[in-house]
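Visitor: Hi! I've just opened this one on my screen. Could you walk me through it?
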Amino acid sequence: MTAVDHRVLTVPDGLAGERLDAGMARLFGLSRTRAADLISHGHVQVDGSTAVKSDRLVAGTLLEVAIPSLADPLEVVPAIVEGIRIIHDDDSIVVIDKPVGVAVHPSPGWHGPTVVGHLAAAGFRIATGGASERQGIVQRLDVGTSGVMVICKGERAYSVLKNAFRHRKVDKVYHALVQGHPDPLEGTVDAPIGRHPKADYKYAVMADGRHSVTHYSTLEAHRFASLLEVHLETGRTHQIRVHMTALKHPCVGDLTYGADPTLAQRLGLERQWLHAMRLGFEHPDSGEYVEYESTYPDDLAHALDVVRGLD
């Protein structure tokens with residue numbers, strides 16, 4: 001529950017004639033923007049009546065203000081997320097199938113569901129290694145990407161798997177439906193990735209970017225699109241999406257990276273066709289190689305069936 005600071009005072013003579021938002025900023029040490037926001041949300045009353053920001057203060061009137069505390073954008077809020085499936089659970093790790101539309105952890109600007117919030121609500125004990133909002137997290141999937149991922153429950157598991165990901169000892173296999181037919185049908189993209197120079201929410205192949213390597217092979221070739229199996233050697237943000245776009249074969253439905261909106265609509269897709277299929281690594285406790293697999297969610301399975309039917 002959000003804490004609220006209730007304040008009541010009489011307007012002093014010195015602020016008579018000031019606009020309400022400006023006067024509140026001076027009285028309570030708020031920014032004028034924050035004061036205006038409180039007024040617009042009905043948190044301010046003058047002599048018992050709801051105020052507007054352009055009202056002028058009158059000396060001697062009663063000013064009542066309710067100031068809700070600002071939520072910490074990095075706070076983990078426990079909440080069960082429909083659609084998260086537990087693939088494997090033991091004393092050290094939990095492996096899940098993450099649905100689309102779910103972030104791995106809280107971040108500024110994201111107000112939707114998170115994996116860590118779901119695990120907290122479901123009673124899972126998570127390793128405390130890492131920043132508070134990322135505890136137990138050794139890998140990430142984009143909000144718009146579904147599939148298998150692992151979270152660490154124990155401190156030793158966190159340390160071991162974090163190093164395994166860092167040193168590229170984890171097998172990360174994705175399936176991607178891309179437009180057209182890559183030539184060659186099997187290959188490697190070795191191209192550095194950095195922030196897009198004109199859009200900070202995107203990435204691009206950049207000469208001064210970070211080393212990025214993607215291996216792909218064609219599983220199915222259809223009239224309008226090809227189903228690829230993709231092995232990530234590195235793990236950069238948007239790596240597969242950027243590399244496929246660099247090949248002129250963007251993921252179907254990936255409008256951010258130049259996919260055809262008409263084809264996406266025809267297939268009923270509202271996101272990029274990209275799914276984390278398999279994850280393989282040495283178990284942090286036993287040292288035994290383990291592999292976990294996901295299945296296509298309904299929207300991707302439907303789109304693939306439609307593509308197959310268009311041949």
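Visitor: How many aromatic pairs does the count come to?
Guide: The count comes to 2 aromatic pairs, and keep in mind that this is a predicted model. In one of them, Trp273 and Tyr296 sit edge-to-face, at 5.0 Å centre to centre with 75° between the planes.

Visitor: Where do Trp273 and Tyr296 lie?
Guide: Trp273 is in the loop between α6 (261-267) and β14 (274-282), while Tyr296 is in the loop between β15 (289-293) and α7 (298-309), so the pair ties together parts that are 23 residues apart in sequence.

Visitor: Is Trp273 buried or exposed?
Guide: Trp273 counts as buried, at 0% relative accessibility.

Visitor: New topic! How many helices and strands are in the chain?
Guide: The chain has 7 helices and 15 strands. Its radius of gyration is 25 Å, well over the 19 Å that the globule rule gives for 311 residues, so the chain is more spread out than a compact globule.

Visitor: What percentage of the residues is buried?
Guide: Buried residues make up 46% of the 311 in the chain.

Visitor: Last one: how many positive and negative side chains are there?
Guide: There are 31 positive and 39 negative side chains, and the centres of the two sets lie 6 Å apart.

Conventions. Residues numbered from 1 in each chain as written. Predicted model: local features only at pLDDT ≥ 70, side-chain atom pairs only at ≥ 80, totals over all residues. Heavy atoms only, no water. Helix = DSSP H or I, 4+ residues; strand = E, 2+ residues; numbered from the N terminus. Rg over C-alpha atoms; globule rule 2.2 N^0.38 Å. Buried < 20%, exposed > 50% of the residue type's maximum accessible area, 1.4 Å probe, protein only. Lys, Arg positive; Asp, Glu negative; His and termini not counted. Charge placed at Lys NZ, Arg CZ, Asp CG, Glu CD. Phe/Tyr/Trp six-rings, centres within 6.5 Å; stacked < 30°, edge-to-face > 60°.
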